[in-house]
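Good morning, and thank you for joining.

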Amino acid sequence: MALFPFANWKGPVPNRTVNGMVRPLRGLILHIQEGTEAGTNDWFHDKSSQASSHFGNPKHGQIDQWVDTKDKAWAEVSGNPYWISLENEGKSGESLTSNQIENAAQLLAWLHTTEGIPLQITDSLEIHGLGWHGMGGEAWGDHLDCPGEPIKAQRHQIITRAQQLVGDNSTAHPTLRLGDSGDEVKHLQTLLGGLPVDGEFGAETQAAVKNFQSRNDLTADGIVGPDTWAILLS
Ligand SMILES: [Zn+2]
């Protein structure tokens with residue numbers, strides 16, 4: 001049983017798979033409701049919709065929870081067992097309100113603390129973190145406009161606030177250099193683009209980092225510290 005302590009419990013809904021989540025969880029996925037929180041609540045309680053999400057994020061007020069995080073919500077098709085879903089009130093192309101950013105950051109901080117989800121952006125199914133519905137492509141139902149570009153871009157604000165909430169700014173993005181490997185290197189390679197996302201910080205990645213640093217008026221030392229991370233994530 002896992003209910004987010006700051007949520008209004010609005011479940012259970014019929015559209016869910018009891019005990020369907022597979023751990024470790026991979027991250028939190030942002031969606032857009034293309035409608036209102038109240039309308040989405042009705043939709044998820046309607047068995048014929050065959051749809052749900054774990055959480056809902058209204059423009060004003062507290063987060064709602066429809067599905068316990070031990071259960072699988074029906075939001076991202078093949079991604080459902082691994083990712084927690086957050087439906088944001090509004091339409092694709094709109095931005096989140098400051099209330100929604102705060103709510104999402106609170107939820108992400110809780111998932112970081114209780115489930116070990118890293119406080120980082122992801123655009124790849126291989127990398128754990130804060131993702132978005134369309135990143136799953138066809139396997140996730142081909143919702144490429146969910147939640148829309150402005151909200152995708154606001155993810156760094158959510159991450160920054162979640163880092164404040166959990167108080168681990170320094171460990172969220174470790175300094176990376178030649179010879180390092182792992183998920184954070186994959187994250188770096190995804191952000192740089194044009195590289196194989198293999199999680200190995202080799203000569204090719206180092207060259208791409210130096211190139212990125214030169215273009216952004218940073219010292220081109222090939223070492224990814226706080227200044228380089230800040231621009232990569234902006
Ligand atoms: Zn969606």
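Is His-133 buried or exposed? His-133 is buried, at a relative accessible area of 3%, where buried means under 20% relative accessible area, exposed means over 50%, and partly exposed lies in between, with a 1.4 Å probe and protein chains only.

A word on conventions. This is a predicted model, in which local features need pLDDT of at least 70 and side-chain atom pairs count only at pLDDT 80 or more, while totals for chains, interfaces and linings use all residues. Residues are numbered from 1 along each chain as its sequence is written, and side-chain values use heavy atoms, with hydrogens and water left out.

The zinc ion has as its protein donors His-31 through ND1, His-133 through ND1 and Cys-146 through SG, at 2.0 to 2.3 Å. Donors are N, O and S atoms within 2.8 Å of the metal (3.2 Å for Na, K and Ca); water is not among the atoms, so sites may look incomplete. Along the chain, the spacing of the donors reads H-x101-H-x12-C. His-133 and Cys-146, 13 residues apart, both sit in the loop between β8 (129-132) and α3 (149-153). Helices (H or I, at least four residues) and strands (E, at least two) are DSSP runs, numbered from the N terminus. Cys-146 is buried too, with a relative accessible area of 8%.

I turn now to the helices. The axes of α2 (residues 98-115) and α4 (residues 155-166) come within 8 Å and cross at roughly 55°. Axes are lines fitted to C-alpha atoms, for helices over the stretch in contact, and angles run from 0 to 180 degrees between N-to-C directions. The angle makes α2 oblique to α4; under 35 degrees counts as roughly parallel, over 145 as roughly antiparallel, 65 to 115 as roughly perpendicular, and the rest as oblique. Residues in contact, meaning heavy atoms within 4.5 Å, include Ile-101, Ala-105 and Leu-108 of α2 and Ile-158, Ala-162 and Leu-165 of α4.

Helix α6 (residues 183-192) packs against α7 (residues 203-215) at about 50°, with the axes 11 Å apart, and is likewise oblique to α7. Leu-188, Gln-189 and Leu-192 of α6 meet Thr-205, Ala-208, Val-209 and Phe-212 of α7.

His-187 is buried, at 2% relative accessibility.
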